[in-house]
Amino acid sequence: MRITDLDAGNGAAARTRGSPRPMDDGAGLAETAFPELAEWQPVLQRLRISREMAIAIAARAHGEGASFADGLLNSKVVARRAVLRAVAAHLGVGLMDEIDPRRLIVSDEDAILLLRRRAGHIPVRVIERDGSISFVMSLERFALGVMRRKLETSPSLGARIKLADPLAMRVAMLARARPQLAKTAVNGLFEQFPAMSARIVPSAWQGTVVGIALTALPVGVVLAPGLVLGTLHVLATLFFFACVALRFAAVASIRAQRRAKEIAVPKGDAPVFTVLVALYKEAAMVPGLLAALDHLVWPRHRLEIKLVCEADDEATLAALRACRLPAHMEVVEVPPGQPRTKPKALSYALPMTGGDFVTLYDAEDEPHPMQLVEAWQRFRESGPDLAVVQAPLEISNRGEGMIARMFAFEYAGLFRGLLPWLSQRRLMLPLGGTSNHFRRAALDKVGGWDPFNVTEDADLGMRLARFGYRAETISSPTYEPAPKRLGVWLPQRTRWFKGWTQTWLVHMRSPVVLARDLGFGSFLVAQVLFAGMLASVLLHPLLLGTFLFLLVGLVSAVPADGMDVVLLTVDTVNIACGYLSFLLLGWQTLTRTERRGFWKVVLLTLPYWAMMSCAGWRALWQLWRQPHLWEKTPHERAPSAFGRQAPSPRRDGPPQSAPRPALPVWRGRKDLRR
């Protein structure tokens with residue numbers, strides 16, 4: 001009998017069931033390996049499960065780190081209700097098919113704690129319809145022998161204990177905790193750290209400054225246009241050169257990616273990893289996502305994956321229900337409500353998870369199978385001040401058009417160049433929106449995600465740094481497709497610029513306090529990455545337009561005064577250095593193969609920066625009119641970077657997926673370069 005025969009469906013189960021045989025001498029080894037079989041033998045006899053099948057169930061449960069009760073419930077050998085009836089008959093207790101969450105005698109906080117610890121075996125009081133009090137418990141992590149001995153010593157308990165399906169118990173607990181989870185998701189950070197929440201974006205003094213500037217600018221243009229133009233050029237030059245200096249510093253220090261040490265898969269009592277994936281209108285992404293998550297290397301009994309969906313996203317939920325999810329995956333439905341953002345969905349799901357580390361992925365992601373293992377190794381080698389590690393994001397469709405090519409070039413400079421450079425110098429790290437691996441204790445301490453910030457990753461990176469935590473980068477990549485159409489790229493980039501502006505305004509409410517929290521180096525980096533980058537994008541058309549106007553005048557032999565020459569020189573230096581630093585940073589991080597066709601990147605840089613300027617100005621408009629609007633980015637699943645096939649959805653039987661490849665020891669990014 002092979003363990004994999006458990007997946008053969010009901011037909012195979014019927015063939016293996018039969019009259020149970022008493023444990024003969026050949027069962028001695030099985031009893032030694034799986035001592036729980038002896039105490040479960042009366043239940044197995046009631047269910048007419050053969051010795052071979054019982055051993056196979058026990059072996060699978062041990063392999064997954066689950067109890068025999070969980071293995072029996074999930075084996076599909078017999079119906080779940082049949083298992084419950086057999087256990088209840090053996091113990092002499094009752095059954096509870098449906099649990100009314102309103103009758104549970106448990107606080108919202110305790111309900112969330114039970115969800116987090118998956119503690120369905122802990123009895124919970126419930127008010128029966130006749131007003132009596134019973135104790136309901138599920139078979140999750142159920143110790144049959146312990147319960148039988150307790151009932152033997154206290155027979156009167158049997159009349160008050162009711163058994164329930166673990167799924168029914170979890171649904172009831174979730175229904176009880178849902179209002180508190182929704183409230184915490186929206187108000188948690190604002191109530192804990194109101195000064196760090198983007199619920200109200202500009203502070204009073206910031207709004208005053210913006211109002212004065214918006215009033216003075218048009219007046220100045222009319223009364224003293226030369227002074228205004230000169231002032232704007234000085235500001236543009238300041239921001240441009242700050243960004244240029246940061247890029248050139250990274251270029252000068254880029255070295256070959258450090259090869260990761262040999263990574264072995266953890267054995268024994270490994271820490272629990274929680275993987276959160278927020279999905280919204282992602283029905284087409286579901287098969288490929290499940291295939292990618294299925295290939296993550298980590299002990300399944302120490303892994304929990306939450307697929308977080310909006311409760312009214314019927315198409316995505318239907319796609320998930322069409323696939324049979326393994327026991328370590330669960331769909332979390334977020335009640336509709338404002339703000340409708342990814343960080344609010346994550347904040348709703350986080351309290352019901354129990355991982356020591358929390359990982360984020362997006363629906364279109366395809367992480368390297370060894371990414372969790374490398375993240376765990378980095379945490380294990382570092383102190384508790386390391387709060388998060390960022391995996392590099394690689395674009396899987398770089399050759400599919402101008403936008404995808406430039407997007408991939410940007411990502412190469414950021415994730416292979418700038419972020420590792422910041423990490424090596426222990427400076428503030430603006431996180432990417434996916435493939436972040438957090439230490440759970442640090443995530444809880446800083447208040448989790450801000451549901452009102454539309455770039456929750458950048459904000460959380462800043463907040464972790466303010467609390468004294470560090471961020472580092474690892475080498476195992478995540479592949480994802482880039483937008484290919486302007487109609488997809490523009491809303492996404494608008495949201496990024498709007499979120500970076502939100503982040504800068506929120507944390508600059510008290511600049512002195514921010515500088516003290518971050519330290520001088522990280523404070524300067526924050527100004528360049530948030531204010532500097534946005535200002536450069538906004539003022540780029542001004543510099544380019546002035547440059548072209550003065551250049552045309554110079555070529556046309558129009559007399560130019562000294563100020564015109566100065567402005568032309570400044571604009572020329574700004575634009576040249578800006579483009580050069582952008583191109584050099586990306587070039588330094590490209591592989592030899594990726595450098596082919598670099599001339600296309602050079603030619604596309606000017607129109608791409610013009611597109612970014614449009615996104616920047618659009619972001620400012622949205623920040624004023626719709627500060628918390630999350631414009632959904634539609635995604636397309638790119639061909640697998642690892643040559644996998646997505647599983648075909650099935651309504652019965654185990655999920656189908658491509659054969660799991662042999663996974664060599666991961667030694668760094670070079671293993672995946674093509």
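Analyst: Contact here means that heavy atoms lie within 4.5 Å of one another. The model is a predicted one, and among its contacts between residues at least 6 apart in sequence, 80% join residues at least 24 apart.

User: What share of the residues in the chain is buried?
Analyst: Buried residues account for 53% of the 674 residues, while the chain exposes about 29800 Å², of which carbon and sulfur atoms supply 61%.

User: Switching to secondary structure, how many helices and strands are there?
Analyst: The chain has 23 helices and 14 strands, and seven strands form an open sheet with mixed pairing, in the order β7-β6-β5-β8-β12-β10-β13.

User: Which strands stand at the edges of it?
Analyst: Those are β7 (329–334) and β13 (470–473), each of which has a single partner strand, so one side of each is left without a neighbour in the sheet. On average, and with direction ignored, neighbouring strands of this sheet are turned by 20° against each other.

User: How many bridges join β10 to β13?
Analyst: Four bridges join β10, residues 386–390, to β13, and the two strands run parallel; Glu472 in β13 is the bridge partner of Val389.

User: And which strands does helix α14 touch?
Analyst: Helix α14, residues 342–349, packs on the sheet and touches β5 (273–279), β6 (303–310), β7 and β8 (357–362), with its direction at about 120° to that of β7.

User: Where does α16 lie, then?
Analyst: Helix α16, residues 402–424, lies across β10 and β13, and runs at about 145° to β13.

Note on methods. Residues are numbered from 1 along each chain as its sequence is written. This is a predicted model: local features need pLDDT of at least 70, side-chain atom pairs count only at pLDDT 80 or more; totals for chains, interfaces and linings use all residues. Side-chain values use heavy atoms; hydrogens and water are left out. Two strands pair if DSSP finds at least two bridges between them. Axes are lines fitted to C-alpha atoms, for helices over the stretch in contact, and angles run from 0 to 180 degrees between N-to-C directions. Buried means under 20% relative accessible area, exposed over 50%, partly exposed in between (1.4 Å probe, protein chains only). Accessible areas come from the Shrake-Rupley method with a 1.4 Å probe; for residues, only the protein chains shown count as cover.
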